Each structure stands twice: as C-alpha cells, then as structure tokens.
Amino acid sequence: MRHLHSIILGSALSLALAVPALAAQCGNNAGGFGQWKASFAAEAKAAGVGQRGLDALASASYATGTIQADRNQKSFKYSLPKFMQIRGADTIVAQGRKRKAKSAGFYQSLEQRYGVPAGVILAIHGMETGFGGFMGKSSVVSAITTLAYDCRRSAFFVPHAIGALKLVDQGAITPATKGAKHGELGHTQFLPGNALKYGVDADGNGRVDFYNQTDALASTANFLRKKGWKPGQGYQEGQPNFKVIKQWNAATVYQQAIAIMGAKIDG
C-alpha cells in the first residue's frame, strides 16, 4: 500500500477514507483470535456473508486441536507402500468393489454425467472417511476460522472460512456441524470453499447436504470434472487425469494411492 502525504488536512482525510481496510491480523496462538474475529467480520460482510454466518463467526472458538494436527501431518511423509498400509488400501479396495457392485446404477449415472469412473470416487470416499464411517468431530466453523487466523497458511484458508460462513447462511451447515481437524466436511471431506462452489443437490431435495452420500459423491465428481477431468482418459501417473487428482489433495502419496486404488476397484 502506498503512503500518501498531504499538507491539506481535508485531502489527507479523503485519501485515508479511500484506502481499503487492512486485512485482519493473523496470529500464532489463541491470544489474538477474538480481535481477529472482530476484524474478519468486516471482511466477511464485504464478501457477502449474512447475519447467520456472522453470528457463527462470533461464536467460533480457537481450535487448539486443529493447530496441533496442522503441525503434525506425518502420514504424507511416508513412502507410498507405508502410506497405503496405514490408510488401509486393501480394505478400501475390497469395500469399494462391493459398493460399486451393489449400487452399479448410481455410479454409472455419475460417470455418465461427469465422466469420472466409480473407482476414483470410491477410492476418495474410502480414503477420506472410511465410506462415511467417520466424518470428524471438530467444529467446521471453529476449525476453518482458526486456520484462517493462523499465520502459517492464512491466505489459503481465508476463502474457505468465508465459504464456511456462507454455507451457514445457506443452511448447508450450522455452527454445530462437525468435520475433520482442518474444517473439511461430509463424506468426502470437502474444504468449505470448495463445498460452496462445487456442491450438487443430487437427490433433488432442494439443498446440498455433504453428509448425504448421494449429494457428497455427486459433488466430488462435479469437482473433478470442473477441475479438468477428461472423460474416457486414464488417471494413472503420466496420464491426463492424474493432474486432476492433484487438485483434490496436494500430497503426492495421496494422489498415487487414489490412482492405484481406483484402478483396482474399477477392475
């Protein structure tokens, strides 16, 4: 921001009023979270967040467990075989095959509409929540606003914090909604900004519900398609759609695992 000086008080005041408000100041502990929330509320309101979202922000708590998890993501540093063993790849593949066979029509409809094979969707579903078995127990709003406040990756998480507050406005989540440590929500653990942008009301009930399997899996397929998935093309390393899997998760071992499990599920 340029600093402008003027000897004319009126001009200086006009210039000061014309300068955009500074972004809410990040921090590295709970001490400044309350002050940050008050500043961030202005940013959120300017971004289109309504009163329900602003109330959710005001009631958010500093998520110590989220910060601890953010500083301790060891699994992504493992070798691919170790990562797949720890994440239960064989079980995911076995369960994925059963689920594909049991609901063949549903997965065929997803592939017809979005071009994404069942194996990829099922591999993500299995990897993220054990096919919905555990979708997290952290407050989505508190977790994501804590990460937006935390200086380590504030710029990355601020849009997702805005997204979470807008989801509250829409009734897709509430301040009490539970998700993963980093604020991911639902069956496939969407970050809130992505949930807002790519969510699909696949069951036609008038709302997008990421804790409803039909909506969540259709939203996942929609995300991949919108990120550049090419129907009919391969998704292993070196093939066109592997780079789209990278859009889902930045960890190389995660991407490789999804591609390998997806191919085994697809048979």
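**A loop glycine, aromatic rings, packed helices and salt bridges**

Glycine 234 sits in the loop that runs between helix 12 (213-226) and helix 13 (242-248). Helices here are DSSP runs of H or I with at least four residues, strands are runs of E with at least two, and both are numbered from the N terminus. The model is a predicted one, so local features need pLDDT of at least 70, side-chain atom pairs count only at pLDDT 80 or more, and totals for chains, interfaces and linings use all residues. Residues are numbered from 1 along each chain as its sequence is written, and side-chain values use heavy atoms, with hydrogens and water left out.

Glycine 234 has a relative accessible area of 22%, so it comes out as partly exposed. On this scale, buried means under 20% relative accessible area, exposed means over 50%, and partly exposed is what lies in between (1.4 Å probe, protein chains only). Setting aside the neighbours within four places in sequence, glycine 234 touches Gln239, Pro240, Asn241 and Phe242, where contact means heavy atoms within 4.5 Å. Lysine 181 is 53 residues away from glycine 234 along the chain, and the C-alpha atoms of the two are separated by 32 Å.

Next come the aromatic rings. A pair of rings is described by the distance of the centres and the angle of the planes. Rings of Phe, Tyr and Trp (its six-membered ring) pair up if their centres lie within 6.5 Å; planes under 30 degrees apart count as stacked, over 60 as edge-to-face, and the rest as tilted. Searching the whole structure turns up 14 aromatic pairs. One of them joins phenylalanine 33 to tryptophan 36, a stacked pair with 5.8 Å from centre to centre and 10° between the planes. These two residues are about one helical turn apart because they sit three residues from each other in helix 2 (residues 33-46). Phenylalanine 33 and tryptophan 36 are both buried. Another pair, tryptophan 229 with tyrosine 235, has its ring centres 5.9 Å apart and its planes at 40°, so it is tilted. Tryptophan 229 counts as buried at 3% relative accessibility, and tyrosine 235 is buried too, at 8%. Ring pairs also build a cluster, made up of Phe33, Trp36, Phe40, Tyr62 and Tyr149.

Helix 12 also packs against another helix. Two packed helices are described by the angle between their axes and the distance between the axes. For helix 8 (residues 118-129) and helix 12, the angle is about 120° and the axes are 10 Å apart. Those axes are lines fitted to C-alpha atoms, for helices over the stretch in contact, and the angles run from 0 to 180 degrees between N-to-C directions. From helix 8, the contact uses Val120, Ile121, Ile124 and His125, while helix 12 brings in Gln213, Leu217, Thr220, Ala221 and Leu224. Sorted by type, the residues of this contact are six nonpolar, three polar and no charged. In that sorting, Ala, Val, Leu, Ile, Met, Phe, Trp, Tyr, Cys and Pro count as nonpolar, Asp, Glu, Lys and Arg as charged, and the others, Gly among them, as polar.

What about charged side chains? The whole structure holds six salt bridges, each one a side-chain nitrogen of Lys or Arg within 4 Å of a carboxyl oxygen of Asp or Glu. Arginine 71 meets aspartate 70 in one of these, at 2.8 Å from N to O. Arginine 71 is partly exposed, with a relative accessible area of 41%, whereas aspartate 70 counts as buried at 4%. Arginine 71 also bridges to aspartate 150, with the closest N and O atoms 3.0 Å apart. Arginine 71 lies in the loop between helix 4 (64-70) and helix 5 (80-86), and aspartate 150 in the loop between helix 9 (140-149) and helix 10 (154-170), so this pair ties together parts that are 79 residues apart in sequence. Aspartate 150 is buried, at 2% relative accessibility. A network of salt bridges links Asp70, Arg71, Asp150, Arg152 and Arg153.

Finally, a word on the backbone. Phenylalanine 131 has a phi near 60°, a positive value in a residue other than glycine. Phenylalanine 131 is placed in the loop between helix 8 and strand 1 (138-139), and at 9% relative accessibility it counts as buried.
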